[in-house]
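Reader: Could you walk me through this model, starting with where it comes from and then going residue by residue where it gets interesting?

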Amino acid sequence: MSWKLPQTACLAALLATTLSGAGAMAQTSDEDLAKQTQNPIANLISVPLQNNYECCIGPDGGARDVLNIQPVVPIPVGGGLTMIVRTILPVIYQDRTSPTNGAHLGVGDVTQSSFSPRRR
């Protein structure tokens with residue numbers, strides 16, 4: 001099984017997200033952007049990626065790779081409130097983790113959370 005298709009799809013989605021926000025970023029100074037990236041409730045969409053690789057799993061010395069795609073999206077609700085939605089989408093590839101298994105690619109359990117912080 002090849003990793004090329006999922007990697008290409010992930011990179012295309014990441015590129016589209018980056019380019020869609022490029023116009024808004026062009027109007028923001030570097031200093032303002034630096035401050036907003038440090039503020040967890042800023043009006044910025046972010047898409048952090050976390051990759052975890054595990055080797056030598058099972059009797060055949062298989063491997064597992066988990067790519068967590070973690071978009072954080074602020075949504076204005078009204079009345080000065082913003083709801084922040086965070087999703088964790090694990091994309092899992094594993095190979096030879098047991099004697100009867102070959103390579104498998106799939107999506108793990110999706111975790112969805114949201115909160116609306118009070119601004120002071």
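Author: What follows is a conversation about the fold, the charged pairs, the backbone angles and the surface.

Author: This is a predicted model, in which local features need pLDDT of at least 70 and side-chain atom pairs count only at pLDDT 80 or more, while totals for chains, interfaces and linings use all residues. Residues are numbered from 1 along each chain as its sequence is written, and side-chain values use heavy atoms, with hydrogens and water left out.

Reader: OK, which order do the elements of the protein run in from the N terminus?

Author: The order is α-α-α-β-β-β-β-β-β, that is, three helices and six strands. Helices (H or I, at least four residues) and strands (E, at least two) are DSSP runs, numbered from the N terminus.

Reader: And how much of the protein do buried residues make up?

Author: Buried residues make up 22% of the 120 residues, where buried means under 20% relative accessible area, exposed means over 50%, and partly exposed lies in between, with a 1.4 Å probe and protein chains only.

Reader: In what sense do S1 and S2 pair?

Author: Strand S1 (residues 49-57) and S2 pair in the antiparallel sense over eight bridges, and two strands count as paired if DSSP finds at least two bridges between them. Leu-49 has Ile-69 in S2 as its bridge partner. The hairpin of S1 and S2 has four residues between the strands, and Gly-58 takes a positive phi near 75 degrees there.

Reader: Which residues other than glycine have a positive phi?

Author: Cys-56 is one of them, with phi near 60 degrees, and this residue lies in strand S1. Arg-96 is another, at about 55 degrees, and is found in the loop between S4 and strand S5 (103-107). As background, most residues other than glycine have a negative phi.

Reader: Is Cys-56 buried or exposed?

Author: Cys-56 counts as exposed because its relative accessible area is 59%.

Reader: Switching to charges, how many salt bridges does the count come to?

Author: The count comes to three salt bridges, each being a side-chain nitrogen of Lys or Arg within 4 Å of a carboxyl oxygen of Asp or Glu. Lys-35 and Glu-31 meet in one of them at 3.7 Å, N to O, and both lie in helix H3 (residues 30-38), four residues apart, about one turn of the helix. Arg-64 and Glu-54 form another, with the closest N and O atoms 3.5 Å apart; this pair links distant parts of the chain, with Arg-64 in strand S2 and Glu-54 in strand S1, ten residues apart. Asp-95 also forms a salt bridge with Arg-96, where the closest N and O atoms are 3.9 Å apart.

Reader: What about Asp-65, where is that one?

Author: Asp-65 is in strand S2 and is buried yet has no salt bridge, the nearest side chain of opposite charge, Arg-64, being 9.7 Å away. For that search Lys and Arg count as positive and Asp and Glu as negative, with His and the chain ends not counted. The side chain of Asp-65 does make a polar contact with the side chain of Asn-51, at 3.4 Å.

Reader: How is a polar contact defined?

Author: A polar contact is a pair of N or O atoms within 3.5 Å; within protein, one must be able to donate a hydrogen and the other to accept it, and residues adjacent in sequence count only if both atoms are side-chain atoms.

Reader: And Leu-67, buried or exposed?

Author: Leu-67 is buried because its relative accessible area is 17%, and its place is in strand S2 (residues 62-69).
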